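Subject: A structure to look at, with notes on its charged pairs

Hi,

Here is the structure I promised to pass on to you. Please open it and keep it in view while you read my notes.

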Amino acid sequence: MNGGAVRAARLLVCLVLLPCSASAASLRDRLRASSLTVGIAGGSAFDALADNIADTAARNLPIISGSAGYTYRYNPQLEIFERTSETLGPLFLERPDTLGRGKLNVNVSYQYVQFDEFDGRSIKRLEAQDPIVIQEFDSAGNLLRSTANRLRYGLKIHSNIGSLSLTYGLLDNLDVNLLLPVIDIDFAVGVQSQVIAMALPGGGFSAEGGIRSAAGLQLRLPSGNENDFQGTGDFEASPFLYLSTILWSHVEPHANLGVDLRTDNVERSQARYGLGADVDVTRRIGISLAFLGRSQFKESAPASDTSFLHLTSAGVQQRPLLGVSFDRKDFFDLSFGARAVVWRQIMVFANGIYALNDDGLRNGTVIPTAGVEGTF
């Protein structure tokens, strides 16, 4: 048997052993079922995607060479082993030189493989240019509607590979190699799905990227002590209208309009409104900018209740106490902040609010806000 045939036999042993990683099947199943997290039932296309990525990831793990750095051949005339290798040998290619009868080569190695791209595109943001069409059926199998969804996958595939390679020279021209890899794979998958168009049975798709709206109702309960500045001491109901739209897939303008209704004195209710936008700078970082407004419908106290006698150049006259008046006021603020995803659905955020005008009791610097949130 020549050296080339020997190497082919040894490589076959390596390739058979490598795919035996115990975690491959479970990761394949996780990838197959990941679309269920956004309400999309899997199918042949999703299974093929999982199978292809799993097979590609397994076969793209580089196999270290079974060729020894030093090779020998026994010289019966001198009764010694003579070195036959002229170089220290390759690392990931095989060479024809065999190890030598009775020689044992032990090779221990570690590899770190991080997959970042698929066909030149980042696997952290895999999405097609065109949306996919999802059909929804009722229990009787009747089509309810079809939606066009922008589907995005984010993958993380990092492999830590420790290998033990044993090569033994059975004959001068025959080696046997055994490669034992221990593979640990750090795997994560995230799926995002956004409906951008919808079609009813028999109809065409209508864009969902226009103005989106929702109604809301905020309730403020008198749980704090109004005497300690912890609330108004009265129940308030605030109906709201929320509007937004999506631009360029990562910019979302917002508009809010509502009224704080006071049950003790409806005339002292106030209007609340705001305009702003948030922008995803990257997949994990977003910034937000907003204008916040609040306007009273009437003064909070009549002038007669807040006036006191003052000595003026024109004599004793009624003037607001301490020069503070409680006429109708408007409050305008600028809000600016950012969010950052730190792990899966866990994110941190920080924000500042700066007063744009001087009406009423105001903060002279920036009001800071910071926090953490998670969706489970």
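Below are some notes on the salt bridges and on one aspartate.

A word on the basis of it all: this is a predicted model, in which local features need pLDDT of at least 70 and side-chain atom pairs count only at pLDDT 80 or more, while totals for chains, interfaces and linings use all residues. Residues are numbered from 1 along each chain as its sequence is written, and side-chain values use heavy atoms, with hydrogens and water left out.

Let's begin with the charges. Side chains of opposite charge can pair when their charged atoms come close. A salt bridge here is a side-chain nitrogen of Lys or Arg within 4 Å of a carboxyl oxygen of Asp or Glu. Searching the whole structure for such pairs gives 16 salt bridges.

One of them joins Arg32 to Asp51, with 2.8 Å from N to O. Arg32 sits in helix H2 (residues 24–33) and Asp51 in helix H3 (residues 44–59), so this pair ties together parts that are 19 residues apart in sequence. Helices (H or I, at least four residues) and strands (E, at least two) are DSSP runs, numbered from the N terminus.

How open are these two side chains? Arg32 is partly exposed at 29% relative accessibility, and Asp51 is partly exposed at 26%. For these words, buried means under 20% relative accessible area, exposed means over 50%, and partly exposed is in between (1.4 Å probe, protein chains only).

Next, find Glu136 and Arg145, a salt bridge whose closest N and O atoms are 3.2 Å apart. Glu136 is partly exposed at 31%, and Arg145 is partly exposed at 27%.

A further salt bridge brings Asp186 and Lys156 together, at 2.9 Å from N to O. Asp186 belongs to strand S9 (residues 174–199) and Lys156 to strand S8 (residues 143–171), so to speak distant parts of the chain, 30 residues apart. Asp186 has a relative accessibility of 33% and is partly exposed; Lys156 is partly exposed at 33%. Elsewhere, salt bridges that share partners join Arg28, Arg32, Asp47 and Asp51 into one network.

Finally, is Asp330 buried or exposed? With 17% relative accessibility, Asp330 counts as buried. Asp330 is found in strand S18 (residues 330–343). Beyond its neighbours within four places in sequence, Asp330 is in contact (heavy atoms within 4.5 Å) with Tyr273, Arg294, Ser295, Asn357 and Asp359.

Happy exploring!
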